Each structure stands twice: as C-alpha cells, then as structure tokens.
Amino acid sequence: MKNDIESANKGESGFDADDLNLIKLAQEYSDEDKARELLERLRWPDGAICPHCKNDGKTKPNSKLTPKAGSKSAVRKGVYFCGACRKQFTVTVKTVFEGSHIPISKWLMAWFIVCSSKKSVSAHQLHRVLNITYKAAWFMAHRIRFALGGDETKLTGTVEVDETFVGGKGEAKTNFSRHVPVVALIERGGKMHTRVVSNVSQKNLGQCLNECVDKSAIVNTDNHDAYKPALKEYKRHDTVNHSRDEYYRINPDGSIATTNSAESFFSLLKRGVIGTWHRISAKHLAAYLDEMSFRFNRRKDANLFLDTLRHMVTAPVLTFEKLTA
Ligand SMILES: [Zn+2]
C-alpha cells in the first residue's frame, strides 16, 4: 500500500514536491522497513531483479525470504533468493548503500539535505544532524558526490566557457601555487560540465572543449588567447573583453555574447567553498564540482529528490579504498 507522500499527486512513486520537507520525510521514512521498500519500488518497479546475474524473475522467480520467528539463523529483512544463480541479494547490493552500516532512512535524509542545499552541505553538518560519526559522514558525502558524477552529454547551442581559480588562501608567496584552475562549460539555458585542470593552457582548454562541447555549438569566452586555436573547429567563437569591462554584447544578428552564466556558477561555487566546505583538497575538488553541477543541471526539476534517488540506485559505487588511495 502506498503511503501519503508517494500517492499525493505524482503517480506510482512520486512525491508531491511542493509538500515535501524534511519533517515529512522523517515521519514517513524513519522506519527502516518503509525506507527499504521505497528503494525497492524505485529500483525494481516491475519486480526484483538479481544484481548478480540480472535475472528478472519472469521464468525463474526470485523469492523474498521471510525471517522465521525463533530461528537461530534468522535471515535479515529484505533478503531475496535468485531463482537463476541461487545467490541471495537485497536492494542495496551494487548500489551506493552497499555495505554501509548507516540505516537507509538516514541515507534518505542525507540525500534530501544534499538535494535541497544550493550551496551544499559539509560532512560536519551531516555528522551533527544525522547523529553519525564524522568519518561515516565524510565517506557518505563522498559516495553521494561520486554517484552524482559521470554525465557525458555533449553541450550544444550557445555554450559559455570560463575559468576561475579555487583555493589559494595563506601566505602570498605560496598562495599562487595552491590555486587550482577550474573550467566551467555551460549550455545557455541548459546543462553544464566542469573540469579541474593543471593550468589554463591551450592544450588543456582544447581537451575540455573536446570532451564537453559539440562542434555545432557557438562558444562564448573571454578574450583569453588560449581558447582561440581549439575553437576554430566550432561553429562560431564570440568573445567578450573583460579587461575593457565588456561583459555583455548584442551581436548584429541579435544573439548575445556573454559568459555571465559561468560567472554565476562560479559565485555559487565559491560560496560553497568559503561558506560550507571551508577546506577542500585539490585531490577531491572534481567530486565537489560534480555535486555542484549535478544540482545546477537539475535546478528546474520539481521532483529532484526522487529523481536523484532513482539515479542513485543505478549510479557508480565508490569504495573506501578507492577514495583514500
Ligand atoms: Zn542471480
């Protein structure tokens, strides 16, 4: 039976986004069984599929094991038995939740907080509000970020490309060496990608463009010379001259040359770095950027929380060993 939040007005598994807040989520999904059943409905809308052999249960049924009262070796709740490979599985196997000792209900809350925090949330904050250890919160936040990355869609139309530097606080003589260059590529009115580069050279900028932008695009940049060679292959290259205070220009054909969307993203990013994360290592910067751009790309999605959960049950999984390598 569907509960109130899910059946509100968005069909089978949709929340009423206007009506959803952390209190409602806590009220309806703090129960671990309900939280797990929500994941099962999102991951397997047509019945359980074995994550080991992909058996969908149509010819060789997957059966749910029921814990027997009084049994010495009682099975955990939510365990299925695959009719094909005969292995056991649960909804969390091969997902971001696998092997986590944090209850699914707390994962749901963490996802909700990450989705609804425009300037992100720190591991310290998750540690405090979810009552889990800092180390668990830190790993959880990184697993979430890792799951949000990996979008390879090429940008088209008019694409704004700009670069900024992140970090570099401290003494003036060592300041510059700690600056990490970041490139943002934003399809006007659409999606965006980010890249961390070692420096803003012609080669690095060319590679960012090649990976992220379709050759049919009109590309807008500032008048940094390093963009020019790579952009010869694109439909058109419009520049604005920031050193002459030109940030916005209407071309003779009525189109607009600007990098203001990229500038807006950078100001949000820097508020995240200064106001939320405080200190991020260059090693993990790309993951923080993935999180920021994931939210930016879905800024108009009224059902972001559930859509993100759907994404998460099929998203790539980060192991602790890989994270700390
Ligand atoms: Zn199987």
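The model is a predicted one, and the protein chain in it holds 12 helices and 10 strands. Of the 325 residues in the protein chain, buried residues make up 46%. When contacts between residues at least 6 apart in sequence are considered, 57% of them join residues that are at least 24 apart.

**The five-stranded sheet**

- Five strands form an open sheet in the order β6-β5-β4-β7-β8, and the pairing within this sheet is mixed.
- At the edges of the sheet stand β6 (192-196) and β8 (236-240), each of which pairs on one side only, and from one strand to the next the twist averages 25 degrees.
- Strand β5, made of residues 180-187, pairs with β6 in the antiparallel sense over five bridges, and within this part of the sheet Leu 185 stands opposite His 193 in β6.
- The hairpin of β5 and β6 has four residues between the strands, and in this hairpin Gly 189 takes a positive phi near 75 degrees.

**Helices that pack on the sheet**

- Helix α8 (residues 202-212) packs on the sheet and touches β4 (158-166), β5, β6 and β7 (218-222), while the direction of α8 makes about 35 degrees with that of β5.
- Helix α9, which covers residues 260-277, lies across β4, β5 and β6 and runs at about 30 degrees to β4.

- In helix α2 (residues 22-29), the buried residues are Leu 25, Glu 28 and Tyr 29.
- Seen down the axis of α2, these buried residues fall within an arc of 80 degrees, and they therefore line one face of the helix.
- As a general point, an α-helix has 3.6 residues a turn, so residues three or four places apart point the same way.
- The exposed residues Ile 23 and Gln 27 are carried on the face of α2 that is turned away from its buried side.

**The packing of helices α6 and α10**

- Helix α6 (residues 134-148) packs against helix α10 (residues 285-297) at an angle of about 60 degrees, with the two axes 8 Å apart, and the crossing of these helices is left-handed.
- On the α6 side, His 142, Arg 145 and Leu 148 meet Ala 287, Tyr 288, Asp 290, Glu 291 and Phe 294 in α10.
- Sorted by class, the contact of α6 with α10 consists of four nonpolar, one polar and three charged residues.

**A closer look at Thr 259**

- Thr 259 is found in the loop between β10 (256-258) and α9, and this residue counts as buried because its relative accessibility is 0%.
- If neighbours within four places in sequence are left aside, Thr 259 is in contact with several residues, including Glu 160, Val 161 and Asp 162, and the list also includes Asn 220, Thr 221 and Asp 222.
- Thr 259 and Ala 184 are 75 residues apart in sequence, and from C-alpha to C-alpha they are 10.0 Å apart in space.

How values were computed: Residues numbered from 1 in each chain as written. Predicted model: local features only at pLDDT ≥ 70, side-chain atom pairs only at ≥ 80, totals over all residues. Heavy atoms only, no water. Pairing = 2+ DSSP bridges. Helix = DSSP H or I, 4+ residues; strand = E, 2+ residues; numbered from the N terminus. Axes fitted to C-alpha atoms, helices over the stretch in contact; angles between N-to-C directions. Contact = heavy atoms within 4.5 Å. Buried < 20%, exposed > 50% of the residue type's maximum accessible area, 1.4 Å probe, protein only. Arc of directions from axis to C-beta. Left-handed = near helix turned anticlockwise from the far one by under 90°. Nonpolar A, V, L, I, M, F, W, Y, C, P; charged D, E, K, R; others polar.
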